[in-house]
Amino acid sequence: MHDVDHIRRAVARDRASQVVDLAMRLIATPSPNPDGDTRAVAAVAADLLRAHVPGVEVELHPGAADIVNVVARIRGHAPGRRIVFNGHLDTYPLGDRTEWTVNPEGEVAHGRLYGRGAADMKGGIAASIAALAALAEQRAHWAGEAVLTLAGDEESMGPHGTKYLLDRVPHATGDATIIGDAGSPMVLRFGEKGFIWIEITAEGRAAHGAHVHLGGNAIDRLREALDIVSALRRLPVAMPDSVRDAIVRAKPVSEPICGAGEADVLSSVTVNIGIVIGGTSPNLVPSTARAAIDLRLPVGVSSDAVIAMLQRQLDLPGITWRVLRCFEPNHTDPADEIVARCAAAAADIMGTAPAINMRVGGSDARWFRMAGIPTVVYGPTPHNMGAPDEYADIAELATVSRVHAFTAFDMLTRGNRDE
């Protein structure tokens, strides 16, 4: 009988050079969103999978005219569970190229991988491809399937990537999902806040600024509506104890990485008034004004409850509003097997246990959780994400790849037999 621990070590060996080579190829193929064209990078990803993962089955799935997704699958020695790795091929736009001090299409220096998408998330994709390759090399020692799904529209939070695959490709779903999106190897994420984007429009009556009695100031009406929305920050939160306790326990590790105040943000409704437009001149009473707001909802606050409250409270003269986008808060039970096994794998690889926490930002993890699939996000720290000189630490990418491989192997071996 083969020594399972020996095989586990082979699966989780350091593949840093492979991860860098894979990531450099992906970064060298731009895929900014907007415009959201992932045809070229999907073709590159498919070629890399065929070249690096023995016995892989690769399919391309166009979700829209320019949005192409990739699904890769390997099979073990016998039927069993299916573990899904997930990533997104699109990136933020490059921005002003003159502000970059390194090559935005990939450069390695001082232990760092630079380039647009290095951290978010072509580096994470490369880590998952290397993990898939490690599993393929040991396929005689595990049962079931390992699948990698690569989506084309995550940055725009659209339905043509991961959602499209979950709806149409049977093996894009599984028993658990691991996503290498931006984060930190020291923090394993089991859930994320929901969000509602709303737009408020105020109508008034134009007049000269000296004759305000003849007009109706749309900005004043908008300010009243914005005060109502801002008060949602004080909304009570019926958060499950398991989630609240995890946030509290993670705080000493997570906040030094992600910023002081993260725990409070994860536990409350946040309101960001991102756009305010109104008026044309100081001496004119504005007849119209508009604002766009990003509401983030913690676990324990439903979008239906917030929208119902807004419908009541924004029933004001001259005010109309609409929902632009809406997703519920979502989480996997912190005690779920995928959380426990990924945390154990990270502790084994790093020599220290990661914090287990929620995530403030959104990701495609929500699509899997909405489909009832336990999901974790475990990826590299994003440096300058969306800004010039974006980079990820190569050592972190190597750690992420090893943890992905280790976790999947344990899910496909120990999880397929009595322990």
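Student: How many helices and strands are there in the chain?

Tutor: The structure is a predicted model. Both kinds of element occur in the chain, and the count comes to 12 helices and 18 strands.

Student: What radius of gyration does the chain have, and how does this value stand against that of a compact globule?

Tutor: A compact globule with 419 residues would have a radius of gyration near 22 Å. The value for the chain agrees with this expectation. The radius of gyration of the chain is 23 Å.

Student: Among contacts between residues at least 6 apart in sequence, what share joins residues at least 24 apart?

Tutor: Two residues are in contact when heavy atoms lie within 4.5 Å. Taking those contacts in the chain whose partners are at least 6 apart in sequence, the share that joins residues at least 24 apart is 80%.

Student: Is Ala 131 buried or exposed?

Tutor: Ala 131 belongs to helix H4, which covers residues 122–137. A residue counts as buried when its relative accessible area is under 20%. Because the relative accessible area of Ala 131 is 0%, this residue is buried.

Student: How far apart are the mean positions of the positive and negative charges of the chain?

Tutor: The chain carries 40 positive and 51 negative charges. The distance between their mean positions is 2 Å.

Key: Residues are numbered from 1 along each chain as its sequence is written. This is a predicted model: local features need pLDDT of at least 70, side-chain atom pairs count only at pLDDT 80 or more; totals for chains, interfaces and linings use all residues. Side-chain values use heavy atoms; hydrogens and water are left out. Helices (H or I, at least four residues) and strands (E, at least two) are DSSP runs, numbered from the N terminus. The radius of gyration is taken over C-alpha atoms; the globule rule is 2.2 Å times the number of residues to the power 0.38. Lys and Arg count as positive and Asp and Glu as negative; His and the chain ends are not counted. The place of a charge is taken as NZ of Lys, CZ of Arg, CG of Asp or CD of Glu. Buried means under 20% relative accessible area, exposed over 50%, partly exposed in between (1.4 Å probe, protein chains only).
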